[in-house]
Amino acid sequence: MKCEDFDKFLFENPKAKICPQEFVEHLKECENCASLWKIQETLADIGEDKITFSLSPAQRANLILRAKKEFFLKTASSLIEDSFVVSLLLSLFILGIIASATNLSKFQLFEKVMPYIKLFSSQVAPFLKDIQAVFSSQAGSILGAMAVFFIVFAFTLFVKTLNPKRLRPYF
Amino acid sequence: MEDKELLKDYLNGNEKAFEMILDKHQSNVIKLIYRLSGGNKELAMDLSQETFLRFIKAARDLKGESSIGTWLYRVAYNIFIDYVRKNEGEKVELDENTVKISSKSEKTLEQGEIKEKIKESLSKIPKEQALAIYLFYFEEAPLKKIAKVLNSSEGKVKTLLFRGRENLRKLVL
């Protein structure tokens, strides 16, 4: 039996704890292989020593706090992202309705509808008139559109934070 | 509870899930660094904390990982290597050619002494070999898992184990 055979055996069987019979004689003659076998045996022996470690209470508490903070930041960012998209779509919808109403006024349809609105509410009618006035100029339209977006955005954020279960998980 | 479920719970906002992950893996992470550093407990604790901080930051990218333990081992090892490079440079990184042969003969060392010498010498052999030996013998991890931690093949792990044993022999006996 040669050293190369023993090397091959150790290479193929890194966890061997019992030396095969065919190598016993070789180990008696070869100091090099015998010491290698000794290391192999001792390593397997060390594996049986079971020790456990744990972080200090302060380190543990710090990690838990960091995990909570990270989760809060990630959730907040996903909340803002979601609200932004929803608000954008809702704002476009609302602005579309307003634009339609403004166009209706060109054909005096707005005025035709107004008496019916007045019948239901005397307060809503002047408000609708004000909206129409704001959107009649270009600067007013831009400011109005921005105002609509921010109102919808604030409202969406408010609704989403009211019900945390509806929040999107952050992954 | 399985790692995948714990991770899912954690990402869904269950605060207790992180604590469970921490309790499940902290000992293994600390032990790995403790052994690789030749028994420096303080360093092991600090670098383990750093490892879990990385986990907190990267948790959302771990959905594809089958085992958090494997990922933590890999990160802990990389953090330890970075630490060694920054703080000790080449001083502790011995390669096969620079490993000094111990003057003590096998006969003069008791089994207990050999054990202690092996534990100490683990920090003096190349780090990849030390990691493979630690995971294989001390943690009884299968070759497949070690290959995943090291991002290499099972054959490479076998070679690392073989060379690691040879280097330990030169240092210890």
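**Where chain B meets chain A**

Okay, let's start with the interface: 41 residues of chain B are in contact with 32 residues of chain A. Keep in mind that this is a predicted model.

So what builds the chain B side? The elements that each give two or more residues to it are helix 2 (15–36), helix 3 (41–58), helix 5 (111–121), helix 6 (127–138) and helix 8 of chain B. Helix 2 of chain B makes the largest share, with nine residues.

Now let me pick one residue to look at, B:Arg169. You'll find it in helix 8 of chain B, which covers residues 154–172. Is B:Arg169 buried or exposed? It's buried, because 23 other C-beta atoms lie within 10 Å, and the cut-off for buried is 20 or more. And what does B:Arg169 touch, if we skip neighbours within four places in sequence? The answer is A:Ser35, A:Leu36 and A:Ile39, over in chain A. Back inside chain B, have a look at B:Ser121 too: B:Arg169 is 48 residues from it in sequence, and the C-alpha atoms of the two are 9.7 Å apart in space.

Chain A has seven helices and zero strands, so reading from the N terminus you get α-α-α-α-α-α-α. Of the 171 residues in chain A, 12% are buried. And if you take the contacts in chain A between residues at least 6 apart in sequence, 65% of them join residues at least 24 apart.

Terms used:
Residues are numbered from 1 along each chain as its sequence is written. Chains are lettered from A and ligands numbered from 1 in the order in which they are written. This is a predicted model: local features need pLDDT of at least 70, side-chain atom pairs count only at pLDDT 80 or more; totals for chains, interfaces and linings use all residues. Helices (H or I, at least four residues) and strands (E, at least two) are DSSP runs, numbered from the N terminus. Two residues are in contact if their C-beta atoms, placed from the backbone, lie within 7 Å.
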